[in-house]
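Thanks for coming. I will go through a few places in this chain and then stop for discussion.

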Amino acid sequence: MSIPTQVYQCRKCGSSPLEVYLCKYTPFSNPSIFIKSLNIQITPSRPFASLTTIVLPGPAPPCMIFSQTHTFWPRTNTPLNQMSKVQKVSILGRESIHVGFGIHSHIVEETLTNEKSSTYVIITDKNMEKTAPFQNLVAAFNEQLPVLRPDARLLQYSVSPGENNKSRETKAQVEDFLLLKGCTRDTVIVAVGGGVVGDMIGFVAATFMRGVRVIQVPSTLLAMVDSSIGGKTAVDTAVGKNFIGAFHQPRYVFVDVAFLSSLPARQFINGMAEVVKTAAIWNEAEFTRLENFAKTFIATVTADEIDLLSIKDAVVQTVLESIKVKADVVSKDEKESSLRNLLNFGHTIGHAIEAIVTPQALHGECVAVGMVKEAELARYWGILSPTAVARLVKCIAAYNLPTTIDDKIFLSAVGHKRHFIENNTLLDKMAIDKKNDGSKIRTVILEAIGKCYQLKAHEVSKQDLRFVLTDETLVYPFNKSAVPAESVVVPPGSKSISNRALILAALGQGTVRIKNLLHSDDTKHMLAAVAALKSAEISTEDNGDTIVVKGNGGNLITCDEELYLGNAGTASRFLTTVASLVGINKESNDYSILTGNARMQERPIGPLVDALRANGSDIEYLNNTGSLPLKIKAGKGLKGGRIELAATISSQYVSSILMCAPYADEEVTLSLVGGKPISQLYIDMTTAMMKDFGIEVTKSTTEEYTYHIPKGIYKNPEVYEVESDASSATYPLAFAALTGTSCTVPNIGSSSLQGDARFAVDVLKPMGCTVIQSATSTTVTGPPVGGLKALPHVDMEPMTDAFLTASVVAAVANESTPTQITGIANQRVKECNRIKAMVDELAKFGVHASELPDGISINGISIDSLKTPSLENHGICTYDDHRVAMSFSLLALMCKDPVLITERSCTGKTWPGWWDVLHTKFQIELDGYEEPLDVSERQSLARKAKNGQKSIFVIGMRAAGKSTISKWMAESLGFELLDVDTVFEKSHGDIRDYIKEHGWPKFREIEAQMLKTLLNENTVGHVISTGGGVVENAESRDLLKAYAKSGGIVLHLERNLDTTVEFLNSDASRPSLPGEIEEVWNKRRDLYHDCSNHYLYSIRWSDSTEAAHLKNTFLGFLDHVTGHGHVPVPHKRSFVVSVPVSDVNTYAKQLPEISLGCDAVEVRADLFKEYTPSFVAKQIALLRKYSSLPIMFTIRTKSQGGQIEDNDKLVETLSLLAIKLGVAYLSVPLTEKESTLKKIISQKGFTQFIASFVDASGELSWTDPEFDNLYNRAVTINADIVQFVGIAGSLQDNIDLEKFRASHTDIPLIAYNRGEQGKLSKIMNKLLTPVSNQIIKEQPEFEFTVVEINKAFGDIGGFFRNKFAVVGSPVSHSRSPFLHSALYKQLGLPYEFSTYESDNADEVFEKLMSAPDFGGLAVTIPLKLDIMKHVDELSESAQVIGAVNTVVPIDGQNGKFRGDNTDWFGITNSFTRAGFSSLDSAVNGLVIGSGGTARAAVYALKQLGCQKIYMINRTVSKLTPIKESLPDFNIEILDSAEAVASAEPVSLVVSCVPADKPLDETLAQNLNSLLTASAHTTNCHFLLDAAYKPRVTPVMQMAEKLGWAVIPGVEMLVNQGVLQFEIHTGFSASYHVAHDAVFSE
Ligand SMILES: NC(=O)c1ccc[n+]([C@@H]2O[C@H](COP(=O)([O-])OP(=O)(O)OC[C@H]3O[C@@H](n4cnc5c(N)ncnc54)[C@H](O)[C@@H]3O)[C@@H](O)[C@H]2O)c1
Ligand SMILES: [Zn+2]
């Protein structure tokens, strides 16, 4: 073969010469390409294009690195030609599987020689066709064909890659190709590719001409070991994967491992899942080999350059071993009737997950999670040991595969789709798995690694599946008849004993079998370290349950690698002394390095190092003094003699030296200095265990806390059984106590050195249990259920961990005295504050407990009065604390109903199998539980929790409006307002005087202290307004930053500088600022930005209307940032108007007009003339001042048709600023770096993130897989919305787009084509279609307005529910038709509005509502009540008001209707438009009348913030039912002149009595006096008369005379109509148009 020397290719994607293919798997990385040897960087003309041509300047270098992910090198140097020997595996009686490396010539020869044909067709996918191995294969075919089969022809065809294309459509394309080329029955198809190609082409072969021969050449690891073997072929359908297919055995499977050289790392790893699976079910030896291979494998495949040759043999072996098993199993059971099922281990659950998250997650990734869950199921059934599960999990994780769906690896792939993985969905998917008979679910149950239980699949109940699938568990009440009367439980080994046993064994001489060892991080790291130092040989027996340590008598030597200890504290302490014993390995270093993770590098080790140094060891801190990493010089040994150690901090230092002391040069005397050593029990444990290993330590008789350790070598006993953990043992023992049964822990007794071993005797016995304890065993028998006694006082200092168990037992110890436990203060600083946790969680059972200074007091209650914690309140919280979880799982048994225990997996820390013991040993029924998900919350995984009651800090320059805005916030949230300055003055007097006397620095210092106190004491329910200069103090800044980081709100307020200066100059009451204001501002500006996570620029208001608007927008901002009222993604047809200008000021005032009919306003940040925070903030403030619509903040980069450079830091800066400013939508190019996008998304709070892609060059068609990739990328990064803009060259492009839209529904999609031809796509787009407006001069070509789109959509029949009517009697004079019709016309809506005279609701229902084109009703008298029986749901206002005036069909629910009432809005908006603002907080209202409108008025006044609502009526008795039905409205009935006289003044009055008759005399008098009194005392008074005939009513006349502002009833009519229109159509309405229509005649 001759290959031109200038040809280069990418190793990973195999892309060919000067065409650089941007690999599909890593399109997320920086699209620019770096050629290292030439030192140049090339940016392709367009990122994400499928093909990019790069012209290399200059001659070809020998090796080129193209970015991180593309390694190019001359193809002539390719090592792929080094052919290895071919190994053959037999399947179904034929040696048809051939495995090797670089065997393409062999493939060609075998095929052409043995499979005679006139036509050979090589079919592959478009990724593969570019790879070197594939091209080698084709070249070999072309070379050999003329020689071996001169008469035959070779055809080639490529399909689009990816699971999406494993479809009936693609199959048909291939078939058409074959037919077109005249292929016949003798055709041989060579399928080269991954499982997708293999499955689909295999199926083509199975049915083409009733079956032709196929040869499989798998190119992915998965295909090599799994899909190509066994003859299963299939395509997918929308309903399920692989649902259509056939068994069709290939003639040959040629596995050329060289193909893997171009396989992306993720695909490589994906295949390992199947490999691990096969070993797990069949071959323990192979599994062990895989465990050992993991590290090398991962290092190799994830390296920038895959050096496949270095692991070639291991990979060939891996593939071969896996194939052998599969071939063997298939040969025994070809059609999957029994044995072949075993290959489905992990697949029952894996497939169900895959069905939801494909294509974001790969098959192997889902199977990996499935294997873990199915192994847990086997453990839950008591069949598979916990160690075996741990082993499997560890191995899967070692291959970088996910072990749970919440694994980082998995989450980063599936993004928000995680939310769709709900238990019920999974169970449904499992029930339709085609491997089932009927809907019974079957899984493969492992019995051990390498062995399946009973060699078949087992039926499994949904309940058991639910249990393993979730972390939330329902614990059912125990059933006396099911629970065994006597049981024996061996809890996992003690952690402390396990750690010591390992060190002693590793230093000892001889072989010891350690049983019941606790597998923890400590033991894991210790085992690895002692093995690395050649201290001992480690192996396992009994499937990992027994650890065999062959000690080397204390002869250790240095190793090459650093000893990494993660965060394993005990390991680090024990190994530090061990490392001083290490001798020099001449071929390695003369030192050892101990290191750990970041947390570890902060934990103390100083006292131990000091002691060792003083004894001659040479230890160096490599990083922080006092912590790991340590460099310990080898070959120095431990000198010995007298060693002094400070032992008041950790007993582990003591144990560490004690255990190594026998190996010192001189006999050691260890003296513990500094007072009484901490945890004497643990020191005693160490010396006792040293004795078990043959070294006897003696305590000095003359010196306190001093030990003599003889020289010697530990003698390893044959077997060392690690005593069970005594804290863990308290749970089964307490189980016996609570349930009146008997339980034995056979390996803990009175001789135990663990403090918690006393629990049975010291706690359970006095509570009424029978306890029999020998030296090595403990048996507890509980009294009959309900017979436990309280313990007046117990000091649990020696067994603090057991207090939680004691507490739950005490909870049902029914006696008048409480149980008091003391000596447990340390439990406040464990995994959680355990004392508080117990008090809080016990309360959920109705058990009262309280905290004592160093303990807890529990008032036990009878079992009968025990409450079941409610599911609504999320059951029992476990605080991620294993002991809390285990304790409450016991108390749960005593309740009447199942109790929810959350986060059950936290028991994994010490007892992962606890639940299995409960279930299998104690026969307790358990079930999984899943909180019903709030659909709106599904939107985004990154959605942070609502801010709840967390306090809010306000910072900013003085005069930025902090006091006003803080006050608004406090009022609106019901928070208390705290002003730091005020607090200061309370304790230190006047600020100005203070500063004069003590100076600014002192003031700042005190201010910082105060801030700290305020922060600690007022974490919830406060708005804390700070002085302008807080940010000048570093400590204060840190406090604020930390608060913001923890999720609290720190709001930075800013106001235009001129305004600030003006304001400050006019205010003499404040201390003068140090320095000129501007200077101060410049100094502080960045500091404010740094410390805050929200930012609001307030524009000055000039009158109360503006202030009211400002307040409303501000409260909207507050709702957004706290998450209480953020803008959801619209469900209806929605529009966004773009204002693409450099300064919004240009159009600000016209915004209401411009945005008519729209749902959001878009600004283009990249077009802004400045990018400073202040300018941007001001732009947002301007938008908010003139529009209340949600804001879309769009950033476009150059490649996306915008102004900012691609991948400029500015994109991130502007995005984060927009989030701070609380915009509703943020649109960022999807072409930005993944790290940038992820960072923005992680901080987006309640802003909806739009991932946008504009095909600016117009090269992509909607059928290009690139759009698919981009969409999946958006899903992966967790975008809320995707926005794709293509370009249309023909109408067909719009049709292609619609197909794309229909098949991409994971996250909401905005998609349309630009260009004249693209208009159709804009009409069809439903979500946030961009529109323009005639007013905007910058409007782009072909831009539509809302009206145009509506008209066009109407013309093509888009609006089908277009008939509206006003119903009631009489309606002939109704103004509604005029109002609605005018609004329809204005927005181009093809709706009709008519009148329908009727007093019969049934008739209205039949004639109007039941019609298919029914759009909605306006309802008037007398139907407002009657119509309610025909609606299916009611709005809040309709419920409160008790009447319906608006009816609409419910979207998506045929034949269902919703009733609403807009009368209240008619009232509120009339007041607001007339100038009322709710800035005055203390307003009261008055309603005259008692009818339906009066109820609406009460509702309206409440909405306007009235504190008291007075009611007055001719017939007072009619008011009582209203008052009674609205208890929260603070209604007061004015039933007499006296009551009127003593009423508080009112500001808002609504008259709801008929106006065509004169007012009742008494009523008129009372009203008059109230209006008169109020007019004098309040400064705002508005009266609205709901009656609109006559235009001026008697009440209005009276009010006007008294100086009240009066509003006529038609206003109400117009305003309620505006809202009604919005409810009917989903569009916002123009008040002016509505108003004019009502008044036109
Ligand atoms: N028939 C069976 O018994 C069986 C068993 C397991 C899985 N499957 C099926 O296999 C499919 C998954 O197969 P897969 O994991 O191989 O995925 P795949 O076929 O989609 O291949 C993964 C990706 O890697 C690319 N690729 C393949 N080989 C490459 C190479 N050597 N270099 C560079 N790129 C390469 C492909 O173009 C594709 O984009 C699923 O459809 C699954 O249902 C079938
Ligand atoms: Zn599989």
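**The zinc site and its surroundings**

His-347 is buried, at 5% relative accessible area; buried means under 20%, exposed over 50%, and partly exposed in between, with a 1.4 Å probe and protein chains only. His-363 is buried as well, at 17%. Before I continue: this is a predicted model, in which local features need pLDDT of at least 70 and side-chain atom pairs count only at pLDDT 80 or more, while totals for chains, interfaces and linings use all residues. Residues are numbered from 1 along each chain as its sequence is written, chains are lettered from A and ligands numbered from 1 in the order in which they are written, and side-chain values use heavy atoms, with hydrogens and water left out.

Which residues coordinate the zinc ion (ligand 2)? They are Glu-274 through OE, and His-347 and His-363 through NE2, at 1.8 to 2.1 Å. Donors here are N, O and S atoms within 2.8 Å of the metal (3.2 Å for Na, K and Ca), and since water is not among the atoms, sites may look incomplete. The donor spacing in sequence reads E-x72-H-x15-H. His-347 sits in helix H9 (residues 347–357) and His-363 in helix H10, so the pair ties together parts 16 residues apart in sequence. Helices are DSSP runs of H or I with at least four residues, strands are E runs of at least two, and both are numbered from the N terminus.

H10 (363–380) is also one of the helices that the buried residues of H11 pack against; the others are H6 (265–282) and H7 (284–301). H11 covers residues 386–398 and reaches 18 Å from first C-alpha to last, close to the 18 Å expected at 1.5 Å a residue, where the expected span is 1.5 Å times one less than the number of residues. Its buried residues include Val-389, Leu-392 and Ile-396. After H11 comes Asn-400, with a positive phi near 60°.

Next, Val-315, in helix H8 (residues 312–332). Val-315 is buried, at 3% relative accessible area. Leaving out residues up to four places away in sequence, Val-315 touches Val-257, Leu-260 and Phe-293; contact means heavy atoms within 4.5 Å. Val-315 and Leu-260 are 55 residues apart in sequence and 9.6 Å apart in space, C-alpha to C-alpha.

Last, the sheet. Six strands form an open, mixed sheet in the order S56-S55-S57-S59-S60-S58; two strands pair if DSSP finds at least two bridges between them. S56 (1392–1397) and S58 (1433–1434) are at the edges with a single partner strand each, so one side of each has no neighbour in the sheet.
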